[in-house]
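Here's a quick briefing to read alongside the structure. Keep the 3D view open and click on residues as they come up.

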Amino acid sequence: MTDLLLHTCCGPCSTVAVPAWRERGVEPMAWFANPNIQPDAEVGRRHESMLRFVRAAGLELVLPEAGEEAPGWEAWRTGLRGAAPDERCAACLGLRMDAAGAAARELGFCRFSTTLTVSPYQRHDLIVAAGEAAADAHGVDFVYLDVRERFRESYAESRRLDLYRQPYCGCAASKWEAWHARRARRRTA
């Protein structure tokens, strides 16, 4: 029964999140909307990876209408430059979960969730807070499913399906932070 709209951040996270839902008797419908991703070329790579995954998994995918962007994204992109990562991430998660909650209501779903809960690098407390706020705002339920223990499995599945695996969360600031972290690791190795 398809009664869960699953916000999908990318194909690799979906490789373990979708089976986790299916193991619980839920057939999710994927919803790919991530206006936080920068630059446009990165959006294209992640979108293609998601399309490759849904074909392999036999999963239904919903995309927002072209040019449709939730209110607040432009302010997020311009207003949080220089903000602390937690502040920036909380705002980003809030916008994404709000858009997912609104989409769930508009598409007739009573509940929604996200594949963001696969990553051990995400702040799960912020995901839950954003999901619950969106659920309250849109009259639907947010269902949290922690699948961090399957994170490493997503690497193997991504390789098997030849999915692009992104090196950063999505926004330009996270790309910069990831680059510096990789550089620091190489220096100490």
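**Aromatic rings and their neighbours**

Tyr155 is partly exposed, with a relative accessible area of 25% (buried is under 20%, exposed is over 50% and partly exposed is in between, using a 1.4 Å probe and protein chains only). Before going on, note that this is a predicted model: local features need pLDDT of at least 70, side-chain atom pairs count only at pLDDT 80 or more, and totals for chains, interfaces and linings use all residues. Residues are numbered from 1 along each chain as its sequence is written, and side-chain values use heavy atoms, with hydrogens and water left out.

*Around Tyr155*

- Phe151 is buried, at 8% relative accessible area.
- Phe151 and Tyr155 sit four residues apart in helix H6, so about one helical turn separates them (helices are DSSP runs of H or I with at least four residues, strands are runs of E with at least two, and both are numbered from the N terminus).
- The ring centres of Phe151 and Tyr155 are 5.4 Å apart and the planes are at 90°, so this pair is edge-to-face.
- The rule for pairs takes rings of Phe, Tyr and Trp (its six-membered ring) with centres within 6.5 Å; planes under 30 degrees apart are stacked, over 60 edge-to-face, and the rest tilted.

*Another ring pair*

- Searching the whole structure turns up three aromatic pairs.
- One of them is Phe112 with Phe142, a tilted pair at 5.2 Å centre to centre and 55° between the planes.
- This pair links distant parts of the chain, with Phe112 in strand S4 and Phe142 in strand S5 (residues 141–142), 30 residues apart.
- Phe112 is buried at 0% relative accessibility, and Phe142 is buried at 14%.

*Salt bridges*

- The count is 13 salt bridges (a side-chain nitrogen of Lys or Arg within 4 Å of a carboxyl oxygen of Asp or Glu).
- Asp3 and Arg111 meet in a salt bridge at 2.9 Å, N to O.
- Asp3 counts as buried, at 18% relative accessibility.
- Glu153 and Arg150 also pair up, at 3.6 Å, N to O; Glu153 is partly exposed at 41%, whereas Arg150 is buried at 14%.
- Glu23, Arg150 and Glu153 are linked in a network of salt bridges.

*The largest pocket*

- The largest pocket holds about 860 Å³ of space (the volume is the space filled by probe spheres set on grid points, which are joined across faces, edges and corners).
- A pocket here is an open set of points on a 1 Å grid over the protein atoms alone, where a 1.4 Å probe fits, with protein on both sides within 12 Å along at least five of seven lines; lining residues have an atom within 4 Å of a point.
- Its lining has 31 residues, and Ser119, Tyr121, Pro167, Tyr168 and Cys169 lie nearest the centre.
- H7 gives the largest share of that lining, six residues.
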